[in-house]
Amino acid sequence: MARSAWQLAVALLVLGVVTDLHRPALNAVIADLLPPEVRARAYSLLHWAVNLGMPVAVLVGGVLSEHGFWLLFAGDAFTTGTFAALVWRFLPEAGGASTRLGPAALRLPRVVSPRPALVTFAAVSFVAFLVYFQNWTTVPLAVIDAGLTNADYGAVMAINGVVVAGVQPAVAGALDRGPRSALLAGSYLLVGVGFGLTALAGSLPAFAVTVVLWSLGEIGLAALGPAFVADLAPAHLRGRYLGVYGAAVAAGAAAAPLAGTAVYRADPGLLWAVCGGAGVLMAATQVVLGRITARGAGRGGQVSEEGA
């Protein structure tokens, strides 16, 4: 119903605030309802389902917008409300804790106390998604600067959806069976190398190769990132830990267009070199972090709140 720029700005501000509020709770519910050995598979399939929904959304949205944009927004509100009703009615309460709010629950919690493992992983995740979200910001500039067209960029990005839809279900079980940190490190390398090789891409097939590489890395990030945080967190703090992780991802997404375009404008080659170097640095950091958390878990079972 927005009819002016300021009304649209207010609506978008509210939407931006509430859009991802569900994500920490959703990730925490998955961690509460499922044992650690299948969490990565669950997060993997969740990411796969979201990616399946995106092309449907584009097609349906295009059809509805032809008959009036109000249908598109009303339909979106209806489906979101339906999802909320289904969750309220059918999703079991997770965690085994009472939902009754006493005085202690009503106090504002600290956002996060200084726990090195969580802070380190959040920092790595910020950098990972700062690199990853170059796909929407500087990769299209690189495609156009290589003499290709907008349609070529659309074709290149379509490969991402094909890779995720085709590969993610096949590897979901393997992601559960493998060591979290090693697989995460490999995912960071794929993302970094994929974007780093963009410096050498000058044709549609070359850009397609880079997209395949960072798309494979994306599969690992989507499945293993929240699973690693859920393993790290004490049960009663999973929502808060996953909220910190989600905030790091969102911060990376917000910084990506600002930082990426600034460096690209100065020197495109430098941007892609930084992306490749960041992949190597993130992978090394994750290997060290995995060893530290494994030792902590070995001493006390699950990583304690203080140790995390």
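## Packing of α6 and α10

Two packed helices are described by the angle between their axes and the distance between the axes. In this predicted model, helix α6 (residues 116-132) packs against helix α10 (residues 204-232) at an angle of about 160°, and their axes are 12 Å apart. That makes α6 roughly antiparallel to α10, a label for angles over 145 degrees. Axes here are lines fitted to C-alpha atoms, for helices over the stretch in contact, and angles run from 0 to 180 degrees between N-to-C directions. The α6 and α10 crossing is left-handed, meaning that the near helix is turned anticlockwise from the far one by less than a right angle.

On the α6 side, the residues that meet α10 are Ala-117, Leu-118, Phe-121, Ala-128, Phe-129 and Tyr-132. Their partners in α10 are Trp-214, Glu-218, Leu-221, Gly-225, Phe-228, Val-229 and Leu-232. Contact means heavy atoms within 4.5 Å. By class, this contact of α6 with α10 has 11 nonpolar residues, one polar and one charged; Ala, Val, Leu, Ile, Met, Phe, Trp, Tyr, Cys and Pro count as nonpolar, Asp, Glu, Lys and Arg as charged, and the others, Gly among them, as polar.

## The whole chain

The protein has 12 helices and zero strands. Helices (H or I, at least four residues) and strands (E, at least two) are DSSP runs, numbered from the N terminus.

Of the 308 residues in the protein, 36% are buried (under 20% relative accessible area, 1.4 Å probe, protein chains only). The accessible surface comes to about 16,900 Å², and carbon and sulfur atoms hold 72% of this surface; areas come from the Shrake-Rupley method with a 1.4 Å probe. Among contacts with a separation of 6 or more, 81% are between residues 24 or more positions apart.

## Two buried residues

Asn-135 is found in the loop between α6 and α7 (139-145). Asn-135 is buried, at a relative accessible area of 0%. Apart from neighbours within four places in sequence, Asn-135 is in contact with Pro-140, Tyr-153, Met-157, Phe-195 and Trp-214. Its C-alpha atom is separated by 9.4 Å from that of Ala-256, 121 residues apart along the chain.

Ser-44 lies in helix α3 (residues 36-67) and is buried, with a relative accessible area of 0%. Not counting residues up to four places away in sequence, Ser-44 touches Gln-168, Ala-172, Leu-175 and Ala-223.

## Basis of the values

Residues are numbered from 1 along each chain as its sequence is written, and side-chain values use heavy atoms, with hydrogens and water left out. As the model is predicted, local features need pLDDT of at least 70 and side-chain atom pairs count only at pLDDT 80 or more, while totals for chains, interfaces and linings use all residues.

Methods
Angles under 35 degrees count as roughly parallel, over 145 as roughly antiparallel, 65 to 115 as roughly perpendicular and the rest as oblique. Buried means under 20% relative accessible area, exposed over 50%, partly exposed in between (1.4 Å probe, protein chains only).
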